[in-house]
Amino acid sequence: MACMVARSGRELQRYDNMGRRQVVGCIPYRFKNCSDGFNGDELEVLVITSQKGQAKGMMFPKGGWELDESVEEAASRESLEEAGVLGNVEDKLGKWNFLSKRHGTFYEGFMFPLFVTKQLDLWPEKSVRQRIWMTVDEAREVCRHWWMKEALNILVERHSSLQQLQKEELELSCSLS
């Protein structure tokens, strides 16, 4: 059973050696269903509103990395708390340093892909956030953070490379048969 209360406060917050708050985010994704009911190879990603609503823009789940958890655990927790999804955290997409316009300070942000295995009907921040599945192109248009868009581009490139490799392996095995 997943915890249904979002963490709050900064008592356990991590900071890097330059004093920047460390945050962790996820790009929740799945493969779009085809009309025949099978999964296709087109990615869909889950974006969320800020707590202040859609007028402030859309983003991927992210929040503070705390002292009592690994970076992967933080990524998974943020996806549960903010977007109500569970899944498999995959290899890190990268690390970015960015300026928080709200606080006027620099942060260090880590992003991970999260292959979604379960979408919950109830989650801790359901009352203050909306979640929307959309195509990668749509997400690029609505995401308000440049560093999250860069992480999305890395995810897309990673999946494109993997699909190309699988296609080449299939062609090779067919030619050897």
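Figure 1. Arg144 counts as partly exposed because its relative accessibility is 42%; the class of partly exposed lies between buried (under 20% relative accessible area) and exposed (over 50%), with a 1.4 Å probe and protein chains only. This is a predicted model, in which local features need pLDDT of at least 70 and side-chain atom pairs count only at pLDDT 80 or more, while totals for chains, interfaces and linings use all residues. Residues are numbered from 1 along each chain as its sequence is written, and side-chain values use heavy atoms, with hydrogens and water left out. Arg144 sits in the loop between helix H2 (136–142) and helix H3 (146–176). Together with Lys52, Lys56, Lys101 and Arg102, Arg144 forms a patch of positive charge on the surface. Patch members have over 30% relative accessible area and no salt bridge, and like charges are joined within 9 Å; Lys and Arg count as positive, each charge being placed at NZ of Lys or CZ of Arg.

**Figure 2. The salt bridge of Arg20 and Asp16.** The side chains of Arg20 and Asp16 pair at 2.6 Å, N to O. A salt bridge requires a side-chain nitrogen of Lys or Arg within 4 Å of a carboxyl oxygen of Asp or Glu. Arg20 is classed as buried because its relative accessibility is 17%, and Asp16 likewise because its value is 12%. The structure holds 9 salt bridges.

**Figure 3. The network around Arg77 and Glu78.** Salt bridges link Glu69, Arg77, Glu78 and Glu81 in a network.

**Figure 4. The salt bridge of Arg129 and Glu125.** Arg129 meets Glu125 in a salt bridge with an N to O distance of 2.6 Å. Both residues, Arg129 and Glu125, are buried.

Figure 5. The average over the protein chain is 87, and 80% of the residues score at least 70. The protein chain has 3 helices and 8 strands, assigned as DSSP runs (helices H or I, at least four residues; strands E, at least two) numbered from the N terminus. Their order along the sequence is β-β-β-β-α-β-β-β-β-α-α. Of the 177 residues in the protein chain, 42% are buried.

Definitions and conventions
Patch = residues over 30% accessible without salt bridge, like charges linked within 9 Å, V, L, I, M, F, W, Y side chains within 5 Å. Areas by Shrake-Rupley, 256 points an atom, 1.4 Å probe, with all protein chains shown as cover. pLDDT = per-residue confidence, 0-100.
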